[in-house]
Amino acid sequence: MITLAIGLSIVLLLVILFLLFRIGTLASIFRGSSQRAVGTTKTSNKVNSLLMLLFLIGGGAAFAWSFADAWDEMNQPLASVHGGWTDSLFWTTMIVIGIVFVITQILLFWYSYKYQHKDQKRAYYYPHNNKLEIVWTMIPAVVMAILVFAGWKTWANITSAAPADAVVIEVMGKQFSWLVRYPGADGKLGEANVHLIDATNEIGVDFSDPNSMDDFMPREIHVPKGKPVLLKIRSRDVIHSVFLPHFRVKMDAVPGMPTKFWFVPTKTTAEMRSETGNSEFNYELACTEICGRGHFAMRFILVVDEPEEYEEWVASQTPFIEQNPQLLTKFTQDTKDQVVLEKSAEEVKTEL
C-alpha cells in the first residue's frame, strides 16, 4: 500500500510540473508574446488527441467490463407476468440509447483526434443544411415517440384494475417495519382509521366493522403462484416504498394517500431456490425510500406457494381479534358511548 501511495505521489508530482510548464507558456501568450516554445503547440495537440483515443479505448473497455461484471446483479431472476413487460421495455430502451451512446462517443473522440489543430489547416465553413437539420431532428423525435408510446402502453397494463378474484393484501409502512393484513374467509378487509392506532392495533383496524373480525396479520407474506395479487399500500408516518425486485413491483407508500399495485407470481419460492442454487433464497419486501435511521431494518419475507399450499396456510391463520380479545372491550364501549351520544342528541332535538 505504501509503495502504491509513493508511486501515485510521483505521478501527481510529474503532472503538476507539466501543468506549471504549460501555465508558463500560456501566460506568455496572454502577455502578448507571439513566441512559443518550438514544437509546443504541435506536440501538445498530438499528445492530447492521442490521449483522447486512449481514453475512448480504455473507457470503452472499462464500460464493457463493468456491464458484464454487474450483469447478474442488474438482472435479478424474474418471477411475475408483468415483470416481463417491464424488462422488455427497459432493455429495448437501453439498446436504443446504448447504440446512440456508443456511436456518438466514437465520433466525438475520433473527431478530436482526426481534426486536431494544425497551423496549416483551416476549417471548412459549413453554416447550415436544412435537410440535415430535418433528418437529425425527425429521427430522434420518431424514436422517442415510439419509446414513449410503448412505455405508456406498458404502464397502462401494469396499473389497470386488478381482476375481481385477486388476493387482497394490505401493506402498511411505518418507521421502521412493515405491517401486513389479510382478509379472512369473507374476502373483505375491515375498515381502518389512523385515529384507532395504538400499541396493539398498529394498523388502526376498526373492529366495530364486521368485515374486520376475521382479518389476520401474519409475520410474513404468502401469495399463491399463478394468481393475481393486489397490494393495498398505506403509510402511517413518512413516505416509504414497497419494492419487490424479483416481481418488478415498486410503489410508494404515501401518508394520507392509499396506493396499490397488482401482479401475478410465476415462480414459487421452492422453484426459485432450485433455479438460483441457493437453498436459503427468499423473496423480500424492502423499502427503497431513505425513511430514517432504521431504514435498513425494513425487510419482510414473502413466500410464493403453490395454490393448494397457500390455501392450507390461510386456513391455519388465526384472526387478529382472537389473538387480542381485549380490543373488543374497547370497541364495544366506544359503540355504547356513541349510542348514548346519539340518543342524547336526538332527545335535545326533540325538546327543541
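Biologist: Which residues of the largest nonpolar core touch the most other members?

Modeller: This is a predicted model, in which local features need pLDDT of at least 70 and side-chain atom pairs count only at pLDDT 80 or more, while totals for chains, interfaces and linings use all residues. Residues are numbered from 1 along each chain as its sequence is written, and side-chain values use heavy atoms, with hydrogens and water left out. A nonpolar core is a set of buried (under 20% relative accessible area, 1.4 Å probe, protein chains only) Ala, Val, Leu, Ile, Met, Phe, Trp, Tyr and Cys residues joined through side-chain atoms within 4.5 Å. Among the 34 residues of the largest such core, those touching the most other members are Ile169, Ile221, Leu231 and Phe247.

Biologist: Which residues does isoleucine 221 touch?

Modeller: Contact means heavy atoms within 4.5 Å, and residues up to four places away in sequence are not counted. On that basis the partners of isoleucine 221 are Ile169, Val180, Tyr182, Leu285, Phe300, Ile301, Leu302 and Val303.

Biologist: Which helix gives the most to the nonpolar surface patch?

Modeller: The patch, which includes Phe63, Ile106 and Trp110, has about 1100 Å² of accessible area together. Its members are nonpolar side chains (Val, Leu, Ile, Met, Phe, Trp, Tyr) joined within 5 Å, each with over 30% relative accessible area and no salt bridge. With 9 residues, the leading contributor is helix α4 (residues 81–114).

Biologist: What is the relative accessible area of isoleucine 106?

Modeller: Isoleucine 106 has its place in helix α4. This residue is partly exposed, with a relative accessible area of 42%.

Methods. Patch = residues over 30% accessible without salt bridge, like charges linked within 9 Å, V, L, I, M, F, W, Y side chains within 5 Å. Areas by Shrake-Rupley, 256 points an atom, 1.4 Å probe, with all protein chains shown as cover. Salt bridge = Lys/Arg side-chain N within 4 Å of Asp/Glu carboxyl O. Helix = DSSP H or I, 4+ residues; strand = E, 2+ residues; numbered from the N terminus. Buried < 20%, exposed > 50% of the residue type's maximum accessible area, 1.4 Å probe, protein only.
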